[in-house]
Amino acid sequence: QIDPEKIGIIGSSAGGHLALLSATRPAPEIERPNAAIGLGAQTDFTAPHIQNAVEGPRHELYGPFLGGSFREAYHNYRDASPLHHLSHDDPPVGIISGELDQPSTRASRFRHEAMRLGIPTDLEVIANAPHALLRNAAFRKEAVATAREFFEKAFEEPAPVVESLSDSAPDFPKLQPWTRLGGGYSGCEGAQWLPGPENSGPILIYAAHHDGLFFRWSAELGLRLWIDETPETSTLRPTAGGSLIGVDQSTRLLRRFSNVGVPGEVLVEQFEEKRLNRPNDLRIHPTTKRIWFTDPNFLFRQRPLETQELPGQYVFCYSPSPNGGTLAAPIRDLDLPNGIAISRDGKALFVGDSKRRQVFRFQFTGPSSVAKREIFANFEEPIDGLAFSPQGHLWVAAGNGFSLLNENGEAIYRMTLNEKATSAAFFVEDQITHIAVTTREAAYVSRYSSQ
């Protein structure tokens with residue numbers, strides 16, 4: 001009764017190294033597992049800490065194992081390193097480490113390279129645990145629970161739970177099975193569909209911004225790294241001219257990107273001679289082409305060398321022009337502006353306030369101005385990204401899923417993901433609606449008939 005497509009392998013210490021090696025290093029005599037977890041494992045025997053250990057008192061451990069010193073048997077050290085065998089077709093690889101274990105067992109470089117290749121990964125650091133954490137019942141229980149959760153995600157098709165909240169709600173679209181993309185990110189958002197080459201379907205782009213990565217996915221080519229080592233670029237939106245407009249959270253600016261993701265002209269970095277806070281999400285008005293973006297003050301507490309210069313957290317409007325453009329701050333009375341969306345008819349702007357847990361609606365009164373805010377919806381959880389579906393419903397990332405709101409701000413459906421929801425995006429092509437959602441740690445895609 002064993003499903004051969006759902007075989008995982010887990011090991012501790014030397015066994016963890018072998019588990020990860022079995023997943024990443026093809027060998028003719030064995031089949032690779034469908035997922036693997038290394039617990040307290042080494043993933044790179046060419047790393048400096050291994051080289052130093054080999055030349056020191058631990059030579060008797062590594063020398064017989066790998067056929068000599070590092071200088072004598074360098075190729076063996078490299079060949080025995082899971083890091084140096086990672087490839088796009090590897091199965092999901094997880095890491096469990098004790099807080100008191102060697103930092104190398106957290107496999108930072110291994111996990112980052114796995115992310116770059118689109119391999120689902122994850123890290124769990126068990127507080128106060130040593131290397132031999134399985135000897136302690138409490139630590140062992142936590143490790144087993146973490147492993148079970150990782151394997152379940154690796155083996156089971158994602159199945160968000162959809163609950164109707166209104167008797168008058170229209171039928172929820174019949175979605176095809178979801179596909180999980182990547183995983184284990186420190187933060188993930190900014191889902192955006194782009195037209196693909198003719199007859200090839202649309203292309204999804206999204207950010208793993210806190211890991212400095214931007215990905216692209218298509219049904220034809222799968223998941224690929226698109227932009228590497230970004231300054232926490234969290235959102236890219238297409239312009240009518242074919243370029244992209246994006247916000248960088250580390251450099252705290254608005255800039256233009258080419259259609260292949262190459263950073264270009266800086267559009268905005270200051271307002272009234274003060275640096276922006278942490279520009280997060282943006283939308284481009286379909287007719288006026290004005291760029292509206294939120295500027296919350298996320299992460300200053302974690303970055304003591306940076307300071308907030310603006311007196312508030314604004315929603316900005318940038319008006320492009322051949323002479324450099326102008327920046328205005330029409331909305332200055334929100335506590336933590338985050339997600340932003342423009343109604344499909346272009347008449348209203350919607351902004352989520354994560355601190356107040358409210359979505360506000362602003363009617364446009366001009367290309368760069370809005371009327372006084374009105375409360376559109378209230379939430380019990382902090383909220384993130386906003387997006388309008390082709391059916392005109394506002395999808396609001398709130399807590400561990402999405403709330404779907406009708407034109408009156410009434411929640412008509414709740415879609416639960418069991419991960420913190422961050423953004424959603426839609427693309428209609430040949431009567432098929434492509435949908436993508438992101439959570440803090442992964443992205444998901446599906447589609448449904450638009451008829």
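Select strand E13 (residues 253–257) together with E14: three bridges join these antiparallel strands. Strands here are DSSP runs (E, at least two residues) and helices are DSSP runs (H or I, at least four), numbered from the N terminus. Phe-257 stands opposite Pro-263 in E14.

The model is predicted, so local features need pLDDT of at least 70 and side-chain atom pairs count only at pLDDT 80 or more, whereas totals for chains, interfaces and linings use all residues. Residues are numbered from 1 along each chain as its sequence is written, and side-chain values use heavy atoms, with hydrogens and water left out.

Now widen the selection to the open sheet, whose four strands lie in the order E11-E12-E13-E14 with antiparallel pairing; strands pair if DSSP finds at least two bridges between them. At the edges, strand E11 (233–238) and strand E14 (263–268) each pair on one side only.

Next, select helix H3 (residues 59–66). Which of its residues are buried? They are Tyr-62, Gly-63 and Leu-66, where buried means under 20% relative accessible area and exposed over 50%, with partly exposed in between (1.4 Å probe, protein chains only). Seen down the axis of H3, these buried residues fall within an arc of 100 degrees, so they line one face of the helix; the arc is that of the directions from the helix axis to the C-beta atoms. On the other side of H3, Glu-60 and Pro-64 are exposed. Finally, select Gly-67, which follows H3 and has a positive phi, near 85 degrees.
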